[in-house]
Amino acid sequence: MKAISIQRYGGPDGLAVVDLPVPAPAAGQVLIAVEAAGVGGVDTVIRSGALAAYGFKEGFVPGGEVAGTVTAVGDGVDAAWTGRRVWGFTGTGGGYVEQAVVPAEQTLPLPDSLSAVAAVTLGSAGAVAHFGLRHAHFAPGETVLVRGAAGSIGIMAVQLAARGGAAAVAVTTSSAERGERLRRLGATHVLERSGHGGGEAPAGYDVIIDVVAGEDMPSFFDRLNPNGRMVAVGAVAGRPPADFGTKIMAAFQKSMSFAAFSAATVTRADLRAVRGEQFAAAGRGEIETVVHEVLPLDQAVLAHRKMAAGEVFGRIVLTP
């Protein structure tokens, strides 16, 4: 079968099309004929080599989520899964393929009204946004800032905060055009990447959802209200400075807090429940899945180039 692997770490050109044997599902797994594979920010970080110390080696196949039809099941899996349209979480990799093996417990059936492309745009991002807001103890009536709102996680955080009754939902983004698109999704104020501007935007926020991290992250502590909470749900710009916590200590009397959030800390049952609810809501048109572009699997290099150039609004999806 056709797959995309990292032949050398670094830029997008290190990705290459390879032929691999069709995998057989082991006990507890299903085999999915992939119709769509999501391209996520973590894929680009792994491809860059930044996580090589965590055991990622050349030859690794990226991709964390797929959607398609179950064609075979392993021992211990109900045969009724065969022939069903599903979304599946492959983990840190294994999704840029024509045939993917996924643990059955990480697989969800899709409503007929939801396409495979929409499913991989929502599946991981929606859960991170939902539980990231919960991790921040977001409550109706609070003000929210989403830093780096043009990606799939940020877009979902904007929609969920607006639906959850936020008093204001501000976003940082790179252009007025993107800002207007985010307004249509629920944003009330559009800020510069620095967090400034926005006209009548709130001076401070109760919750900041940060998808970006990087060197500039500490400056956003200045935008937190007393008792404000910042939650980092991504790090597309890399790690923050090692001393970023000194900003919080310098403003000790504001009782601000910072936390990192990973969906790996959420139980599979809770993830499954929320994803199922979100798939149903998207199928009813209550949540918008924003797809930047659909590209053939063998154009994964182009997809990663677009990600690296900051051109993507929403999610790029690969189709075998």
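Visitor: Which residue forms a salt bridge with Arg 305, and how far apart are the closest N and O atoms?

Guide: A salt bridge is a side-chain nitrogen of Lys or Arg within 4 Å of a carboxyl oxygen of Asp or Glu. Here Arg 305 is paired with Asp 13, with 2.6 Å between the closest N and O atoms. Arg 305 belongs to helix H7 (residues 300-308) and Asp 13 to the loop between strand E1 (2-6) and strand E2 (15-19), so the contact ties together parts that are 292 residues apart in sequence. Helices (H or I, at least four residues) and strands (E, at least two) are DSSP runs, numbered from the N terminus. This is a predicted model, in which local features need pLDDT of at least 70 and side-chain atom pairs pLDDT 80 or more, while totals for chains, interfaces and linings use all residues. Residues are numbered from 1 along each chain as its sequence is written, and side-chain values use heavy atoms, without hydrogens and water.

Visitor: How many salt bridges does a search of the whole structure find?

Guide: The search finds eleven. One of them joins Arg 284 and Glu 286 at 2.9 Å, N to O. Arg 284 is exposed, with a relative accessible area of 55%, whereas Glu 286 is partly exposed at 39%. Arg 163, Arg 284 and Glu 286 are linked in a salt-bridge network.

Visitor: Which residues of strand E8 lie on each side?

Guide: In a regular strand the side chains alternate between the two faces of the sheet. In E8 (residues 143-147), five of the five residues are buried: Thr 143, Leu 145 and Arg 147 on one side, Val 144 and Val 146 on the other.

Visitor: Which strands are joined to E8 by bridges?

Guide: Two strands pair if DSSP finds at least two bridges between them. Five bridges join E8 to the parallel strand E9 (residues 168-172), where Val 171 is the bridge partner of Val 146. The chain passes from E8 through H3 to E9 in a right-handed β-α-β crossover, a term meaning that, with the strands pointing away from the viewer, the path from the first strand over the helix to the second runs clockwise. E8 also has four bridges to the parallel strand E11 (residues 205-210), in which Val 207 stands opposite Val 144.

Terms used
Buried < 20%, exposed > 50% of the residue type's maximum accessible area, 1.4 Å probe, protein only.
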